[in-house]
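The model goes below, then my notes.

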Amino acid sequence: MEASSIDTVKSQTDISPSEEKWQGTSFLRTCFNGLNALSGVGMLSIPYALSQGGWLSLIILFVVAILCFYTGLLLRRCMDSNPIIKTYPDIGSVAFGSKGRAMISTFMYIELYLVAVEFLILEGDNLHKLFPDVNFHIAGISIPGKQGFVLLTALVVLPTTWLRSLGLLAYISAGGVLASIILVCSVFWVGAFDGIGFDETGSLWNWNGLATAISMYTFCYCGHAVFPTL
């Protein structure tokens, strides 16, 4: 779900100002798109990040959240100062001209591309763990299960990237938000009622896993790049 939001936002940055009026969406649908961009895989990565970095590594999560909140305020100030600013490349253009637009566009598109690739790999890995014995055979070609699931996920997500309206994408985002809620409820149910429980184990601080924890916490806020378009 999040990958489709990111891919659609990449195409949204190329929409001309004349198209923006009918491409706009309501506040509620924007909330669905924003929640879908922020929630999801990040909720699953935090427990693993804690196991790698220790309980005190939660401080890093709060620091990242504060930084994203502050940069969000700066972003809002930039967008209020000039009505033509709709995306990060627009900010680069106003601040540094065409070179600034090109540089920011390059870094932003690389980030969005890598995030989309990461989601595909993660989805393929999860499906392979759910169905470990599945392999794909197409036209005499044997495709291993994990790679086959990655390709299958890409084919399923591909049509959603053709949507040019964030209003239509909001319906898909609503499904993503619902899936996140079901995920949290399922984890709580397994821990509270299926005999697994919630154990206060783990180290207080782990230097060896700190790099992994930081990358996981930062990944939780990967949707920050799409906020101007939303």
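The model is predicted, so I kept to its limits: local features need pLDDT of at least 70, side-chain atom pairs count only at pLDDT 80 or more, and totals for chains, interfaces and linings use all residues. Residues are numbered from 1 along each chain as its sequence is written, and side-chain values use heavy atoms, with hydrogens and water left out.

**Overall**

I took helices (H or I, at least four residues) and strands (E, at least two) as DSSP runs, numbered from the N terminus. The protein chain has 9 helices and 2 strands, in the order α-α-α-α-α-α-β-β-α-α-α. Of its 230 residues, 33% are buried. I counted a contact as heavy atoms within 4.5 Å. Among contacts with a separation of 6 or more, 73% join residues 24 or more positions apart.

**Alanine 139**

I looked up the loop between β1 (136–138) and β2 (141–143), where alanine 139 is found. Alanine 139 has a phi near 55°, a positive value in a residue other than glycine. Most residues other than glycine have a negative phi. Alanine 139 is exposed, with a relative accessible area of 78%.

**Helix pairs**

Two packed helices are described by the angle between their axes and the distance between the axes. Axes are lines fitted to C-alpha atoms, for helices over the stretch in contact, and angles run from 0 to 180 degrees between N-to-C directions. Under 35 degrees is roughly parallel, over 145 roughly antiparallel, 65 to 115 roughly perpendicular, and the rest oblique. A crossing is left-handed if the near helix is turned anticlockwise from the far one by less than a right angle, and right-handed if clockwise. For residue classes, Ala, Val, Leu, Ile, Met, Phe, Trp, Tyr, Cys and Pro are nonpolar, Asp, Glu, Lys and Arg charged, and the others, Gly among them, polar.

I started with α3 (residues 27–38) and α8 (residues 166–193), whose axes are 8 Å apart at an angle of about 50°. α3 is therefore oblique to α8, and the crossing is left-handed. The α3 side of the contact includes Arg29 and Phe32, and the α8 side includes Tyr171 and Val177. I found 8 nonpolar, 5 polar and 1 charged residues in the contact of α3 with α8.

Next came α6 (residues 88–130) and α7 (residues 145–157), whose axes come within 8 Å and cross at roughly 125°. That makes α6 oblique to α7. The crossing of α6 and α7 is right-handed. Their contact divides into 6 nonpolar, 4 polar and 3 charged residues.

For α5 (residues 58–81) and α9 I noted an angle of about 35° and axes 9 Å apart. The α5–α9 crossing is right-handed. Leu58, Ile60, Leu61 and Val64 of α5 meet Leu210, Ile214, Tyr217 and Thr218 of α9. This contact has 7 nonpolar, 1 polar and no charged residues.

**Tyrosine 221**

Tyrosine 221 sits in the segment after α9 (210–219). Tyrosine 221 is partly exposed, at 25% relative accessible area. Leaving out residues up to four places away in sequence, I found tyrosine 221 touching Leu61, Val64, Ala65 and Cys68. Its C-alpha atom is 7.9 Å from that of glycine 42, 179 residues apart along the chain.

**Cysteines**

How many disulfides does the structure hold? I found 0, taking a disulfide as a pair of cysteine sulfur atoms within 2.5 Å. Cysteine 220 is buried at 10% relative accessible area, and cysteine 78 is partly exposed at 29%.

Conventions
Buried < 20%, exposed > 50% of the residue type's maximum accessible area, 1.4 Å probe, protein only.
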